[in-house]
Amino acid sequence: DELRVHHPHRQRVGFADASSQEEEAHLSQAAMRVRTKMISLELYESSYPGDLERSLGRRERAAVRHIRAGEYDKAMGQQQEIIKDQKRHMSRGDNKYLLGISLHNLGVVRLLEGSNDEEAIELFREAAAAKKEAFGPEHPTVAESLDEIGIQYFAQNRQEEALETFQEAKRIRVQTLGAEHPKVALVDNNIGCVYFQMKRQDKALASFQTAKDILEDCMGSESTRSNLDLLHVAATLCNLGYMKFRSKHYEEATAVFEDALLVQQSVLGDSHQAIKDTLSNIALANAFHA
């Protein structure tokens with residue numbers, strides 16, 4: 001499987017600083033990416049104990065250990081050796097199918113290491129192409145790499161390219177997983193962030209609302225039981241709450257932020273920075289409502 005450490009590239013809109021009311025999208029800077037990914041790895045392991053040991057090979061496990069230790073150059077070395085071996089023996093075993101996943105993982109490690117985003121984008125493009133050849137162009141795993149490309153475009157303020165890429169990822173997921181699948185909601189959330197940056201506020205609000213509705217319908221199902229999935233729900237709620245605030249629906253914004261807070265606390269406890277940010281947003285929405 002693709003390294004679970006990469007999973008939540010969650011994009012959020014909202015206040016950089018609640019006291020300044022500054023409107024911006026929270027981009028995934030290198031330091032935040034590292035922190036977010038290490039949190040997600042820990043959450044994954046607590047949700048699925050022992051799964052990494054069972055599902056990954058020896059070299060993949062070594063790469064995860066290096067990531068956990070912050071040794072990204074060594075993790076990249078492991079991934080590059082894996083890819084070299086897979087390309088050398090494409091007809092052997094599952095290498096045809098694993099190559100795209102390994103290229104995707106190398107792109108993730110490059111982002112963690114803080115390399116040039118263009119290098120990562122090229123790796124995700126190669127990954128998507130290899131997956132299309134191995135699995136077919138409509139396979140859900142292709143959408144995973146498209147998501148990562150879209151996120152990097154978003155971070156570079158290439159919003160038209162990001163929107164096109166996210167929409168293609170959504171099309172594949174709707175066709176293969178169904179329109180109500182949680183992964184469709186996640187890409188709806190990212191599409192909402194792009195519309196926000198493009199100042200198309202009505203479309204941003206509609207995208208966040210669609211994502212929220214899908215995730216709420218899925219809550220409690222097998223597909224949204226992990227802590228990672230709950231954090232995706234919380235991020236989408238925060239985005240929707242901010243859009244409600246921005247449209248001066250302060251009471252609705254408070255209610256949505258409070259829902260997000262409950263979800264965040266169930267996963268992160270009370271001292272995490274995300275909890276403090278949401279509490280600040282609740283206080284600000286209440287102040288404007290008063």
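**View 1. The side chain of T165 and the backbone oxygen of E161.** In this predicted model, the side chain of T165 comes to 2.8 Å from the backbone oxygen of E161. T165 belongs to helix α8, which covers residues 159-177. T165 is buried because its relative accessibility, 11%, is under the 20% limit. Apart from neighbours within four places in sequence, T165 contacts L146, I149, G150 and Y153.

**View 2. The salt bridge between R158 and E118.** The closest N and O atoms of R158 and E118 are 2.7 Å apart.

**View 3. The salt bridge between E122 and R125.** Here the closest N and O atoms are 3.2 Å apart. E122 and R125 are both in helix α6, three residues apart, or about one turn of the helix. E122 is partly exposed, with a relative accessible area of 37%; R125 is partly exposed at 32%.

**View 4. The salt bridge between K212 and E216.** The side chains of K212 and E216 meet with an N to O distance of 2.9 Å. Both residues lie in helix α10 (residues 201-218), four residues apart, about one turn of the helix. K212 is buried, at 13% relative accessible area, whereas E216 is partly exposed, at 40%. The whole structure contains 15 salt bridges.

How values were computed. Residues numbered from 1 in each chain as written. Predicted model: local features only at pLDDT ≥ 70, side-chain atom pairs only at ≥ 80, totals over all residues. Heavy atoms only, no water. Helix = DSSP H or I, 4+ residues; strand = E, 2+ residues; numbered from the N terminus. Buried < 20%, exposed > 50% of the residue type's maximum accessible area, 1.4 Å probe, protein only. Polar contact = N/O pair within 3.5 Å; in protein donor to acceptor, adjacent residues only side chain to side chain. Contact = heavy atoms within 4.5 Å. Salt bridge = Lys/Arg side-chain N within 4 Å of Asp/Glu carboxyl O.
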